Amino acid sequence: MPPLIFEARDVIGGGRYLHEVRISSFSPSRDLPQGIRYSLCLVDIDTGDVALLYDVHRGKSHHRHLRGKETDYRFVNEDTLLDDFLRDVDLIPEGKL
């Protein structure tokens, strides 16, 4: 199993959202040259819908899902990834994203 860099799980937004983060590292490969795998997810507990997901996996480059719409994500480093995700997480309950 790859070494874990960061992992967190919390209920936020007055109990409406489940926030899960998992970032791990491994030897770089052709598919994942940065040597990082991650899943940063925000789930609406009431509906079970994924409101936000940042992830990367074999066969697919870095990307973000926002309310079912997928866009490319420009990965810089783990700190920027977490900052970008948490910024979006703050905006969703406020209805700004």
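**View 1. Asp88 and the residues that it touches.** Leaving aside residues up to four places away in sequence, Asp88 touches Leu52, Tyr54, Arg64 and Leu97, where contact means heavy atoms within 4.5 Å. Asp88 lies in helix 1 and is buried, with a relative accessible area of 2%; buried means under 20% relative accessible area, exposed over 50% and partly exposed in between, with a 1.4 Å probe and protein chains only. This is a predicted model, in which local features need pLDDT of at least 70 and side-chain atom pairs count only at pLDDT 80 or more, while totals for chains, interfaces and linings use all residues. Residues are numbered from 1 along each chain as its sequence is written, and side-chain values use heavy atoms, with hydrogens and water left out.

**View 2. The largest nonpolar core.** This core has 21 residues, and those with the most contacts inside it are Tyr38, Leu40, Leu52, Tyr54 and Leu81; a nonpolar core is a set of buried Ala, Val, Leu, Ile, Met, Phe, Trp, Tyr and Cys residues joined through side-chain atoms within 4.5 Å. At least two residues of this core come from each of strand 2 (17-25), strand 3 (36-44), strand 4 (50-57) and helix 1 (78-91), helices (H or I, at least four residues) and strands (E, at least two) being DSSP runs numbered from the N terminus.

**View 3. Leu81 and its contacts.** Not counting residues up to four places away in sequence, Leu81 touches Ile23, Tyr38 and Leu40, and also Tyr54, Tyr73 and Phe75.
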